[in-house]
Amino acid sequence: MNIPFLGNRRKKSDGAEISADPEGVAELLSECELLRSQASQEGVQLDDSVASLEALDQLVPRWRDDEEVLPWLGNDAGLYLGTVIVRTVAGAVWEVWPGGQPVVRLASGREFDVVTAGHEWAASGVPELSQLYAEVAEA
């Protein structure tokens, strides 16, 4: 997912770009409107908690039948996973790679491409979002 409109970025010493407004970027990336709408229709409230990831994993994946919705939902699922990680794992922050790809960076420096993980989850359900969260939280 390329997000060129994030604007106002600066280069870090390792070449990665970060926004001058990390809270603004986090707010933008947490919107996930399609995923929130789909979940709400199924009675699942996305409150940025680990329990909400578990609830998403239990949804019947009706979106897999719609080739137009699938990539958008995959993006949203990845961004939502990243949002939960950033809000609940100490030291986790959003990072935007030079090409515009948002990833989550842990305090250890390890990075997770949550958008790719979201696409995999939306397409096949594997790995589960809650399982990915557990792996990241342990790291």
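Q: In this predicted model, which way do the residues of strand β4 (residues 102–105) point, and are they buried or exposed?
A: Pro102 and Val104 point one way from β4, while Val103 and Arg105 point the other way. All are buried, which means that each has under 20% relative accessible area.

Q: What makes strand β3 (residues 93–96) and β4 a pair, and in which sense do they run?
A: Pairing requires at least two bridges. β3 and β4 have 4 bridges and run in the antiparallel sense, so they count as paired. Within this pairing, Val93 stands opposite Arg105 in β4.

Q: How many bridges join β4 to strand β5 (residues 111–112)?
A: There are 2 bridges, and the strands run antiparallel; the criterion is at least two, so β4 and β5 also pair. Glu111 in β5 is the bridge partner of Arg105.

Q: What lies between the strands of the β3 and β4 hairpin, and what between those of the β4 and β5 hairpin?
A: The hairpin of β3 and β4 has 5 residues between its strands, and Gly100 takes a positive phi near 100° there. The hairpin of β4 and β5 has 5 residues between its strands, with Gly109 in the turn at a positive phi of about 100°.

Q: Why is Asp65 called exposed?
A: The relative accessibility of Asp65 is 73%. Exposed means over 50%, so Asp65 counts as exposed. Asp65 is placed in the loop between α3 (50–57) and α4 (69–88).

Q: Which residues form the negative surface patch?
A: The patch is formed by Asp65, Asp66, Glu67 and Glu68.

Conventions:
Residues are numbered from 1 along each chain as its sequence is written. This is a predicted model: local features need pLDDT of at least 70, side-chain atom pairs count only at pLDDT 80 or more; totals for chains, interfaces and linings use all residues. Side-chain values use heavy atoms; hydrogens and water are left out. Patches are made of residues with over 30% relative accessible area and no salt bridge: like charges are joined within 9 Å, nonpolar side chains (Val, Leu, Ile, Met, Phe, Trp, Tyr) within 5 Å. Accessible areas come from the Shrake-Rupley method with a 1.4 Å probe; for residues, only the protein chains shown count as cover. A salt bridge is a side-chain nitrogen of Lys or Arg within 4 Å of a carboxyl oxygen of Asp or Glu. Lys and Arg count as positive and Asp and Glu as negative; His and the chain ends are not counted. The place of a charge is taken as NZ of Lys, CZ of Arg, CG of Asp or CD of Glu. Buried means under 20% relative accessible area, exposed over 50%, partly exposed in between (1.4 Å probe, protein chains only).
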